[in-house]
Amino acid sequence: MMDTFHDQRFPTAISFGATGGPERRIEIVTMTSGEERRNLRQSRSRRRFDAGTGLRALDDLSELVAFFEARRGALHAFRFRDPFDHKSGGLGAEPESMDQEIGIGDGAATAFQLAKIYGGGPEAYRREITLPVAGSVRVAVDGFELGASAFSVDALTGIVTLDAAPAQGSVVTAGFLFDIAARFDTDRLEISLSSFKAGHIPSIPIVEVFA
């Protein structure tokens with residue numbers, strides 16, 4: 001995907017007014033007995049949004065059109081800030097270094113993938129985070145926060161590399177802000193200036209993409 005990805009963020013002011021959220025693709029078959037068989041068609045959830053609800057002013061409209069043109073419509077993916085889920089912890093809290101467990105040390109490994117866990121126990125869902133926000137990542141080993149010079153972060157993969165390998169059994173945790181990779185889910189923008197001034201909200205579909 002990265003050859004068709006522009007490392008540019010969709011206008012944040014517009015994305016924070018977007019509507020949408022995660023989508024799960026489930027195949028449901030009803031048997032003759034009335035019993036259901038349900039199969040998960042995709043292992044990962046995919047987020048969909050309508051950014052039209054985030055438009056508030058004509059300046060927003062101009063910025064959106066420029067962004068759409070620069071991405072060549074649906075051709076190139078981009079960073080998008082999910083207004084409902086863009087932090088390692090709760091939306092009302094700043095990231096803390098112990099928000100999410102990202103690995104267990106074995107005395108040799110130094111690279112760990114950022115991730116966010118939803119739920120608990122065996123039913124928990126682990127979501128890999130690939131687009132952390134630069135400068136937002138905090139890391140701790142067994143509860144002791146590391147200095148910023150003790151690790152590096154790949155902003156396009158979400159892989160954290162520590163300068164020294166954590167000891168066997170050490171718990172590596174992290175806190176962070178993050179974006180998702182997304183694209184326009186349309187080939188054209190249909191916006192009427194007169195309708196926009198009258199309060200009509202155009203539909204601007206955006207869908208998450210994976211590498």
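This is a predicted model: local features need pLDDT of at least 70, side-chain atom pairs count only at pLDDT 80 or more; totals for chains, interfaces and linings use all residues.

1. Residues are numbered from 1 along each chain as its sequence is written, and side-chain values use heavy atoms, with hydrogens and water left out.

2. The largest nonpolar core has 17 residues, of which Phe-10, Leu-64, Phe-78, Phe-80, Phe-184 and Ile-206 touch the most other members. A nonpolar core here is a set of buried Ala, Val, Leu, Ile, Met, Phe, Trp, Tyr and Cys residues joined through side-chain atoms within 4.5 Å, and buried means under 20% relative accessible area (exposed is over 50%, partly exposed in between; 1.4 Å probe, protein chains only). At least two residues of this core come from each of α2, β6 (77–80) and β17 (178–184), and α2 gives the largest share, 4 residues. Helices (H or I, at least four residues) and strands (E, at least two) are DSSP runs, numbered from the N terminus.

3. Apart from this core lies another, of 14 residues, which include Phe-112, Val-139, Val-172 and Ala-174.

4. An open sheet is formed by 4 strands in the order β7-β16-β12-β13, with antiparallel pairing; two strands pair if DSSP finds at least two bridges between them. Because β7 (100–104) and β13 (144–145) stand at the edges with a single partner strand each, one side of each is left without a neighbour in the sheet. Strands β12 (residues 138–141) and β16 (residues 171–175) are joined by 4 bridges, and Val-139 stands opposite Ala-174 in β16.

5. Asp-60, in helix α2 (residues 58–70), is buried yet has no salt bridge, the nearest side chain of opposite charge being Arg-56, 6.7 Å away. A salt bridge is a side-chain nitrogen of Lys or Arg within 4 Å of a carboxyl oxygen of Asp or Glu, and for charge Lys and Arg count as positive and Asp and Glu as negative, with His and the chain ends not counted. A polar atom of the Asp-60 side chain does, however, lie 3.0 Å from the backbone nitrogen of Arg-56.

6. Pro-202 is found in the loop between α3 (193–197) and β18 (205–208), and it counts as buried because its relative accessibility is 6%. Leaving aside neighbours within four places in sequence, Pro-202 is in contact (heavy atoms within 4.5 Å) with Asp-50, Gly-52, Leu-55, Glu-190 and Ile-191.

Conventions: A polar contact is a pair of N or O atoms within 3.5 Å; within protein, one must be able to donate a hydrogen and the other to accept it, and residues adjacent in sequence count only if both atoms are side-chain atoms.
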